[in-house]
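Dear colleague,

Please find below the sequence and structure that I am handing over to you. My notes on what was found follow directly after.

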Amino acid sequence: MRISFCCTDTSATEWLDGLRAALPQAEVSLWHSGAPLADYAVVWAPPQTFFDEQTQLKAVFNTGAGVDALLRLRLPPDLRIVRLDDAGMAQQMAEYVCHALLRYTRGFARYAQQAAHAQWKQHDALTAAHCPVGILGLGVLGEQVARAVAALGFPVNGWSRSPKHLPGVQRFCGAQELPAFLAASRVLVCLLPLTPDTRDLLNGARLALLQPGGYLINVARGAHVVDEDLLALLESGHLAGATLDVFRTEPLPSAHPFWTHPHITVTPHISARTLVAESIAQIAGKIIAVEQGQPVRGEVDLRRGY
Ligand code: NDP
Ligand code: OXD
């Protein structure tokens, strides 16, 4: 069996060595234009040439959870794409969101600014019970984030395409229920895949439905949010701030106003990083399952876009 590895921004050696160790029966190599045809591919944001040349793939394994960069390419209509299914990302995401949430409700950013000037001043904090958190997307990551946030005592609302029953989560579903979901939430956490239905979803009209003094945590994709609309709502005071891990252009350009905004916290797409060992173990297990004709979790529905 031949496996082609094609990732633009990662350490290839660790992946190649790990895949060879996990699948000793396979011939694993780094892709280059003109490389022999492979049976399986392990990829992150490959170029179009990759798919133009690799025409015999039985399945493609994405080394991340989001497949938007793959689905932008011209792909064979029946291509099997399998994304990472947690692989250690859900725990990281829950930690990141809980940190951002508590930083907002307990005013830690303000205390950090005060400390820089040796200023001793106490402020009232928001209590968890009075700060409903809305989670857009209740998939592999959203579900674990919802559980972690609920365990901290926050009321949790969840929005998904199909109805989801999670203990302690008030469920909203489909486009029709989005306005009610937003109006019931003060903090909004975005954990949606980027698809034609979700691109630009968080525009001014929708963000304005959040409760006054609201807060946005975007850990999904930058193109979910209309940047200028977010800035306008921060300017008007309707939103108190935002923690943003993902951006329309990455790296975030140095002149972008998000970098210097006093109420925006920027992190460089690190809320849930791909853990190489866990991911290789998952992908190797799935390659064996596909070879044996068994179903695998995380198979992408190309029509839905995630
Ligand atoms: P899943 O596919 O498991 O979950 C997606 C969720 O979004 C599902 O609940 C789905 O609903 C819901 N959804 C999709 N489209 C719509 C829609 N049109 N309306 C309402 N709900 C919708 O994905 P993951 O949880 O694994 O990952 C989510 C995203 O997080 C990834 O696509 C990626 O972009 C991002 N990500 C970011 C990382 C980072 O470091 N910043 C790291 C990893 C992922 P339903 O359940 O009904 O299908
Ligand atoms: C992912 C990501 O989708 O890292 O896995 O953004």
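I begin with ligand 1, where a nitrogen atom of the ligand lies 3.1 Å from a backbone N or O atom of Arg161. Please bear in mind that this is a predicted model. In Ser162, an N or O atom of the side chain is 2.5 Å from an oxygen atom of the ligand, and in Arg83 the corresponding distance from a side-chain N or O atom to a ligand oxygen is 2.8 Å. On its own, ligand 1 has 940 Å² of accessible area, and the protein covers 93% of it. There are 31 residues around this ligand, of which Arg83, Leu141, Ser162, Lys164 and Tyr306 come nearest.

Oxygen atoms of ligand 2 take part in the following polar contacts:

- with the side chain of His269, through an N or O atom at 2.6 Å;
- with the backbone of Ala65, through a polar atom at 2.7 Å;
- with the side chain of Arg221, through a polar atom at 2.8 Å.

Taken alone, ligand 2 exposes 210 Å², and 85% of that is buried by the protein.

The protein chain is divided into domain 1, made up of 2-87 and 274-291, and domain 2, which spans 89-266. Their centres, taken over C-alpha atoms, are 32 Å apart. Which side chains form the salt bridge found across the interface of domain 1 and domain 2? The partners are Arg221 and Asp68, with an N to O distance of 3.0 Å, and the rule finds 1 salt bridge across this interface.

As for the interface as a whole, 12 residues of domain 1 are in contact with 8 residues of domain 2. About 780 Å² is buried between the two domains, with carbon and sulfur atoms giving 51% of that area. Between the domains, 3 residue pairs are in polar contact, both residues being at pLDDT 80 or more. The side of domain 1 that touches domain 2 has 5 nonpolar, 2 polar and 5 charged residues.

With kind regards

Technical notes
Residues are numbered from 1 along each chain as its sequence is written. Chains are lettered from A and ligands numbered from 1 in the order in which they are written. This is a predicted model: local features need pLDDT of at least 70, side-chain atom pairs count only at pLDDT 80 or more; totals for chains, interfaces and linings use all residues. Side-chain values use heavy atoms; hydrogens and water are left out. Domain bounds come from an automatic or database domain assignment. Contact means heavy atoms within 4.5 Å. Buried area is the accessible area (1.4 Å probe) that two parts lose on being put together, summed over both. A salt bridge is a side-chain nitrogen of Lys or Arg within 4 Å of a carboxyl oxygen of Asp or Glu. A polar contact is a pair of N or O atoms within 3.5 Å; within protein, one must be able to donate a hydrogen and the other to accept it, and residues adjacent in sequence count only if both atoms are side-chain atoms. Ala, Val, Leu, Ile, Met, Phe, Trp, Tyr, Cys and Pro count as nonpolar, Asp, Glu, Lys and Arg as charged, and the others, Gly among them, as polar. A residue is near a molecule or strand if one of its heavy atoms lies within 4 Å of it. Accessible areas come from the Shrake-Rupley method with a 1.4 Å probe; for residues, only the protein chains shown count as cover.
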